[in-house]
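Hello,

Here is the structure I promised to pass on. My notes follow below it.

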Amino acid sequence: MTAITVNLNPIIQLTDNQFYQLCRENPEVKFERNAEGKLLIMPPTGGETGNRNFEIAADFVIWNRQTKLGVGFDSSTCFKLPNGANRSSNVAWIRKERWNALTPEEQEKFPPIAPDFVLELMSPSDSLRETQAKMQEYIDNGVKLGWLINPKMRQVEIYRIGKPVEILASTQELSGEDILPGFILNLQIIWG
């Protein structure tokens with residue numbers, strides 16, 4: 001099952017607060033919203049993808065606790081991007097000083113900020129084309145580094161501001177470069 005798109009715009013254009021309330025009133029549904037204001041209803045992940053997400057997140061938590069450089073987020077966190085879209089990634093990370101510049105209310109709701117880093121892990125129900133477009137949207141909105149991991153193809157796409165997408169096949173590890181200093185993701189937890 002891929003994401004379902006619902007266009008309510010001819011009837012109502014949800015404000016940020018209304019979208020936030022919709023998400024709060026329907027916690028069992030994972031919503032995103034694209035730049036045109038259309039609602040995206042995201043399917044749940046299966047067991048394999050859920051386990052991979054968990055393992056990846058654990059590596060980020062350990063690194064972030066050791067470095068204390070920023071704030072990490074899981075897939076249930078929705079960010080309000082500069083283009084108006086509300087997006088969630090499997091992992092997101094923001095430098096501490098950027099996060100601390102937000103007001104407590106901005107931090108509490110859907111933070112109006114593009115993360116410094118995002119990771120999308122493809123699940124069998126995801127469309128590669130749609131996920132690639134989402135990754136490009138992140139970069140176009142100020143995300144500095146993004147990883148699209150495709151377990152089925154054993155491939156990683158690396159997105160960076162102002163650079164072409166780099167594609168790696170069956171690579172064993174990924175470096176956080178200067179965005180996530182010292183972070184290395186061992187891809188054996190993905191490839192098995």
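To begin with, where is the place of Lys80? Lys80 sits in strand 5 (residues 79-80), with strands taken as DSSP E runs of at least two residues and helices as H or I runs of at least four, numbered from the N terminus.

Before going further: this is a predicted model, in which local features need pLDDT of at least 70 and side-chain atom pairs count only at pLDDT 80 or more, while totals for chains, interfaces and linings use all residues. Residues are numbered from 1 along each chain as its sequence is written, and side-chain values use heavy atoms, leaving out hydrogens and water.

Lys80 counts as buried because its relative accessibility is 17% (buried is under 20% relative accessible area, exposed over 50%, partly exposed in between, with a 1.4 Å probe and protein chains only). Its side chain reaches the backbone oxygen of Gly84 at 3.2 Å. Leaving aside neighbours within four places in sequence, the contacts of Lys80 (heavy atoms within 4.5 Å) include Asp16, Arg33 and Phe110.

Strand 7 (residues 91-95) is largely enclosed by the rest of the structure, because 4 of its 5 residues are buried. It pairs (at least two DSSP bridges) in the antiparallel sense with strand 4 (residues 70-73) over 4 bridges, and with strand 8 (residues 117-121) over 3 bridges, also antiparallel. Gly70 has Arg95 as its bridge partner, and Ala92 has Val118.

Not counting residues up to four places away in sequence, Phe60 touches Val91, Phe117, Leu119, Trp147, Leu180 and Phe183.

Best wishes

Technical notes:
A polar contact is a pair of N or O atoms within 3.5 Å; within protein, one must be able to donate a hydrogen and the other to accept it, and residues adjacent in sequence count only if both atoms are side-chain atoms.
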